[in-house]
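These are my notebook entries on one structure. I set down what I looked up, entry by entry.

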Amino acid sequence: YSLNNGNFIKYINNTNNIYISYLLSWYNKKNNKYYIIQLAYKKIIINNLLEDELYSELINQPEDFHCSGFIYNIDNNDFLCSSSENGYINIWDLYSKNIFKSININYSLFHIIKWNNKYIIVADFDNNCFKIINLENEIIKDIEKQHIDSVICIKKIYHPIYGESLLSASNDKTIKLWSIK
């Protein structure tokens with residue numbers, strides 16, 4: 001729909017038969033096309049935003065709900081990093097459409113963010129905390145339970161006093177601010 005006048009523009013294919021939990025936009029620099037990435041139940045669907053083209057359906061067993069994700073670039077290659085309810089963090093090469101790396105955390109994971117080129121942070125729903133993962137050696141550091149209930153969302157922010165900081169939101173109806181000491 002147009003945000004200017006509310007008129008219908010286009011229906012995105014492959015969206016009405018599965019549960020979609022998260023959306024990402026991606027500009028493919030190799031073919032100069034725009035895509036919508038749908039993180040869904042048991043698969044990730046990538047559709048051309050302007051044409052009726054299915055770019056790919058990404059599946060890596062075992063599958064579950066893909067809850068969140070982000071795109072990052074290394075050496076002119078785009079990667080999709082996604083978190084799943086079954087505890088897997090999957091990293092996909094978006095150009096080859098193959099799995100690049102899979103990390104099993106063994107707990108239900110929700111929101112995931114890229115902290116920098118070395119670390120990612122993911123909300124651990126089962127343990128009321130979040131985890132910091134080193135992408136180079138896959139070492140996982142738990143940030144001890146500071147919430148009473150499940151952590152469902154995390155966001156990186158720049159705080160005017162504390163600098164690079166993290167916000168965590170929980171089902172316990174709290175948002176907490178974290179800073180690096």
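Entry 1: The model is a predicted one, in which local features need pLDDT of at least 70 and side-chain atom pairs count only at pLDDT 80 or more, while totals for chains, interfaces and linings use all residues. Residues are numbered from 1 along each chain as its sequence is written, and side-chain values use heavy atoms, with hydrogens and water left out.

Strand 10 (residues 119-124) and strand 11 run antiparallel and are joined by six bridges. Strands here are DSSP runs of E with at least two residues, and helices are runs of H or I with at least four, numbered from the N terminus. Two strands pair if DSSP finds at least two bridges between them. The hairpin of strand 10 and strand 11 has four residues between the strands, and Asn-128 there takes a positive phi near 55 degrees.

I then followed strand 11 to its other partner. Strand 11 pairs with strand 12 in the antiparallel sense over four bridges, and Ile-132 stands opposite Lys-141 in strand 12. Five residues lie between these two strands in their hairpin, where Glu-138 in the turn has a positive phi of about 60 degrees.

I also checked how covered strand 11 (residues 129-134) is: five of its six residues are buried. Buried means under 20% relative accessible area, exposed means over 50%, and partly exposed lies in between (1.4 Å probe, protein chains only).

**Entry 2: His-147.** I located His-147 in the loop between strand 12 (140-143) and strand 13 (151-159). Is His-147 buried or exposed? His-147 counts as buried because its relative accessible area is 5%.

Contact means heavy atoms within 4.5 Å. Beyond its neighbours within four places in sequence, His-147 is in contact with Asn-128, Ser-168, Ser-170, Asp-172, Thr-174 and Lys-176. I noted two polar contacts of its side chain: one of 2.7 Å with the side chain of Ser-168, and one of 3.0 Å with the side chain of Thr-174. A polar contact is a pair of N or O atoms within 3.5 Å; within protein, one must be able to donate a hydrogen and the other to accept it, and residues adjacent in sequence count only if both atoms are side-chain atoms.

Entry 3: I traced four strands that form an open sheet in the order 1-2-3-4, with antiparallel pairing. Strand 1 (20-28) and strand 4 (54-58) are the edge strands, since each pairs on one side only. Strand 1 and strand 2 (residues 33-40) pair over eight bridges, and Ile-20 has Ala-40 in strand 2 as its bridge partner.

Asn-28 belongs to strand 1. Asn-28 is buried because its relative accessible area is 2%. Its side chain reaches the backbone nitrogen of Lys-30 at 2.8 Å.

**Entry 4: loops.** I looked up Lys-42 in the loop between strand 2 and strand 3 (44-48). Lys-42 has a positive phi of about 70 degrees although it is not a glycine. Lys-42 is partly exposed, with a relative accessible area of 38%.

Asn-106 lies in the loop between strand 8 (98-104) and strand 9 (109-114). Its phi is near 75 degrees, a positive value in a residue other than glycine. Asn-106 counts as exposed because its relative accessible area is 58%.

Last, I recorded a cis peptide bond between Gln-61 and Pro-62, with omega of about -5 degrees.
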